Amino acid sequence: MASSVKPPATAPSPASPAAPSAAARKTGASRERRSTHEGFLTHRRMFWAKLSGALALGLTALYIFVPLPGTHFGSSWLGYALGTIGALLILWLTMLGVRKRAITPGRWSLKGWTSAHVYLGLCVTVIGTLHSGFHFGWNVHTLAWALMLIVVASGVFGIWVYATLPRALSANRYDAEGAITERQMVEALRSIDRQIHEAAQPLDPQAAALVGQSLEQNPFGGSLWNRMTGRYPDCATHRAMMDLRALRAARQRTKDDLLGRIDALLARKDAMLDRLRQHLKLKAWLQGWLYVHVPVTFALIAALCAHVVSVFFYW
Ligand code: HEM
């Protein structure tokens, strides 16, 4: 009996090629932008690392050796100095968002700016903590300090992400035939869908319904959790493949083994979906940490304003 298998959800647009050309795959023509984390971490022989280290050490020495009142350290001259340096540094660090969007070469290149951002950002932890005089409590002052730590920790995580994930991203894109881009992964899925759709036409309604689950699936669908973990336990293609295998095992084999051919196509689609999802997961982690780093920066600036206002109000 002829089936009523609907056309695939990922039906090709007329302009899109069916599959990656061998040449493009061999050359890896659309190579991802290379990570520059090593560049900015070691920029100018780690000038900013040395300067920030010296600043942190110098200020810690002042904190230890200059005799100052033990209580309300923040309102001593050193406390004010540390608070002012810390607040100005935080405002300057925030300016990276603006600087990133303006391209200028030279001494204050984006690489140099990012290098300073990373090391002075780490130094701010020392400055802010010394400024607190280690007096912590459930108040807006400690809130500002805690938000600063979250911003710094997310920045450190960002460095780790930049250092490790681009390699994993490119390993996922390469196979025996060369590199494949995200677009080519989607094209490949469309091409497999077309083949499944054609092959499934003679299927009976029961088998056609199973195959239809896969064809109606959106390869970009799923929750944020699915995207971040790369795990899709309810994957319609995987389910269709397993159900079709069970059906095939329960039925008598026919000469042309149509179910076997469709099973092979579903297995190819399942593997390509895995690859695309791995790619999307890595991309999400590469960008995702900035969704903590930037909003918490603004919460930090708000808490910092509240901290400064309340200090002068109660003074
Ligand atoms: C209180 C301290 C900090 C503040 C206020 C801050 C703030 C910011 C802001 C506003 C951006 C721009 C994001 C964008 O527009 O895309 C940024 C980017 C960034 N931050 Fe921070 N940050 C701080 C500390 C750190 C630390 C300690 C590190 C690393 C150890 C770090 C690593 C980075 C990196 C790698 C970027 C992205 C650079 C890029 O996309 O090329 N940040 N930060």
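Guide: Among contacts in the protein between residues at least 6 apart in sequence, 83% join residues at least 24 apart; two residues are in contact if their C-beta atoms, placed from the backbone, lie within 7 Å. This is a predicted model, in which local features need pLDDT of at least 70 and side-chain atom pairs count only at pLDDT 80 or more, while totals for chains, interfaces and linings use all residues. Residues are numbered from 1 along each chain as its sequence is written.

The secondary structure comes to 13 helices and two strands, taken as DSSP runs numbered from the N terminus (helices H or I, at least four residues; strands E, at least two). The mean pLDDT, the predictor's confidence in each residue from 0 to 100, is 86, and 85% of the residues reach 70 or more.

The buried residues of H4 are Leu82, Gly83, Gly86, Ala87, Ile90 and Leu93. Seen down the axis of H4, these buried residues fall within an arc of 125°, so they line one face of the helix; the arc is that of the directions from the helix axis to the C-beta atoms. On the other side, Trp77, Leu88 and Leu91 are exposed. A residue is buried if 20 or more other C-beta atoms lie within 10 Å of its own, exposed if 12 or fewer, and partly exposed in between, with C-beta atoms placed from the backbone. By this criterion, 27% of the 315 residues of the protein count as buried.

The buried residues of H4 pack against helices H3 (43-65), H5 (96-99), H6 (110-132) and H13 (290-314). Of these partners, H6 has 23 residues and reaches 32 Å, close to the 33 Å expected. Just after H6, Gly133 takes a positive phi of about 65°.

H4 also bears on the ligand. Leu93 is among the closest of the 23 residues that surround the ligand, together with Gly97, Gly121, Val152 and Gly155; a residue is near a molecule if its C-beta atom, placed from the backbone, lies within 6 Å of it. H4, H5, H6, helix H7 (140-173) and H13 each give two or more residues to this shell. The largest share, seven residues, comes from H7.

Val152 lies in H7 and is buried, with 21 other C-beta atoms within 10 Å. Leaving aside neighbours within four places in sequence, Val152 is in contact with Gly121, Leu122, Val124 and Thr125. Val152 and Val296 are 144 residues apart in sequence and 10.0 Å apart in space, C-alpha to C-alpha. Thr142, also placed in H7, counts as partly exposed, with 15 C-beta neighbours inside 10 Å.

How values were computed:
The expected span of a helix is 1.5 Å times one less than its number of residues.
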